[in-house]
Amino acid sequence: MERPVRLRLSLVDNTWTSRLVLLAAAVVLGGAGGILAAGTKPLFVFGGIIGLLVAFAIVLDAQVGLIAFLALAILLPFGVIPLPLGPVKLTFIDATLTLLLLAWLLRLLAKPGERLRTSRLDGFILAFIGLAAVSFTFGTSTAISPESTRLFLKIINSILLFFTVLNCVRTLRHLR
């Protein structure tokens, strides 16, 4: 079994400052959700509050994000968030995958003790993502539609789930 690569990526070295960075990120996320929910139906506000609580739980523990992703994939695979972001309507799975990836990256930067785990497939996967981005950019002769952009980002986000799972599932207990 390979030893994980120890990479020192840290915003701060003080644990109190790390907590303040995480709190600031949660406040920004909550403020953005509040701005989106202002002036809409009460059910949207209630759903937004539940979504923010789940988002906060995912930021605190990436295992919650993996469980939420699996639950959504099984119970509500085609559920769409009722509030569009511009011309794009995200699914719950898209939002959960994005939040899980961002929570993992934030944790990697905010906690000095976190290590980046790598595998032998990392280079191949990153090369595939790079080739996909180049193909998407140069492969469209006309204007890129918002739906094709959403589908492309959904595929890239799903591929990046590999790195998230590799770094979040570290023990046999987590795997079970």
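Colleague: Which helix is valine 54 in?

Modeller: Valine 54 sits in helix H2, which covers residues 42–60. Keep in mind that this is a predicted model.

Colleague: Buried, exposed or partly exposed, that valine 54?

Modeller: Valine 54 is partly exposed, because its relative accessibility is 37%, and buried would mean under 20%.

Colleague: Which residues make the nonpolar surface patch?

Modeller: Val54 makes it together with Phe46, Ile49, Ile50 and Leu53. The patch comes to about 470 Å².

Colleague: Let's go inside. What share of the residues counts as buried?

Modeller: Of the 176 residues in the protein chain, 26% count as buried. In soluble globular proteins, nonpolar side chains tend to be buried together. Here the largest nonpolar core has 27 residues.

Colleague: Which members of that core touch the most others?

Modeller: Leu100 and Trp104 do. As for where the core comes from, H2, H3 (62–75), H4 (92–110), H5 (122–139) and H6 (146–168) each give at least two residues. H4 gives the largest share, 9 residues.

Colleague: What does tryptophan 104 touch, leaving out residues up to four places away in sequence?

Modeller: Tryptophan 104 touches Leu116, Phe163, Thr164, Asn167 and Cys168.

Colleague: Back up a bit. How many helices and strands are there?

Modeller: The protein chain has 7 helices and 0 strands. Read from the N terminus, the order is α-α-α-α-α-α-α.

Colleague: Change of topic: charges. How many salt bridges does the structure hold?

Modeller: It holds 2. In one of them, the side chains of aspartate 94 and arginine 150 meet at 3.1 Å, N to O. That pair links distant parts of the chain, with aspartate 94 in helix H4 and arginine 150 in helix H6, 56 residues apart.

Colleague: Why does aspartate 94 count as buried?

Modeller: Aspartate 94 counts as buried because its relative accessibility is 6%, and the limit for buried is under 20%. Arginine 150, at 14%, counts as buried too.

Colleague: What does lysine 154 pair with?

Modeller: Its side chain meets that of aspartate 94 in a salt bridge of 3.9 Å, N to O. Lysine 154 itself is partly exposed, with a relative accessible area of 30%. Through shared partners, the salt bridges join Asp94, Arg150 and Lys154 into one network.

Colleague: What else is around aspartate 94, such as a polar contact?

Modeller: The side chains of aspartate 94 and threonine 91 make a polar contact of 3.0 Å. Setting aside neighbours within four places in sequence, aspartate 94 is in contact with Asn157 as well as Arg150 and Lys154.

Terms used
Residues numbered from 1 in each chain as written. Predicted model: local features only at pLDDT ≥ 70, side-chain atom pairs only at ≥ 80, totals over all residues. Heavy atoms only, no water. Patch = residues over 30% accessible without salt bridge, like charges linked within 9 Å, V, L, I, M, F, W, Y side chains within 5 Å. Areas by Shrake-Rupley, 256 points an atom, 1.4 Å probe, with all protein chains shown as cover. Salt bridge = Lys/Arg side-chain N within 4 Å of Asp/Glu carboxyl O. Helix = DSSP H or I, 4+ residues; strand = E, 2+ residues; numbered from the N terminus. Buried < 20%, exposed > 50% of the residue type's maximum accessible area, 1.4 Å probe, protein only. Core = buried A, V, L, I, M, F, W, Y, C linked by side-chain atoms within 4.5 Å. Contact = heavy atoms within 4.5 Å. Polar contact = N/O pair within 3.5 Å; in protein donor to acceptor, adjacent residues only side chain to side chain.
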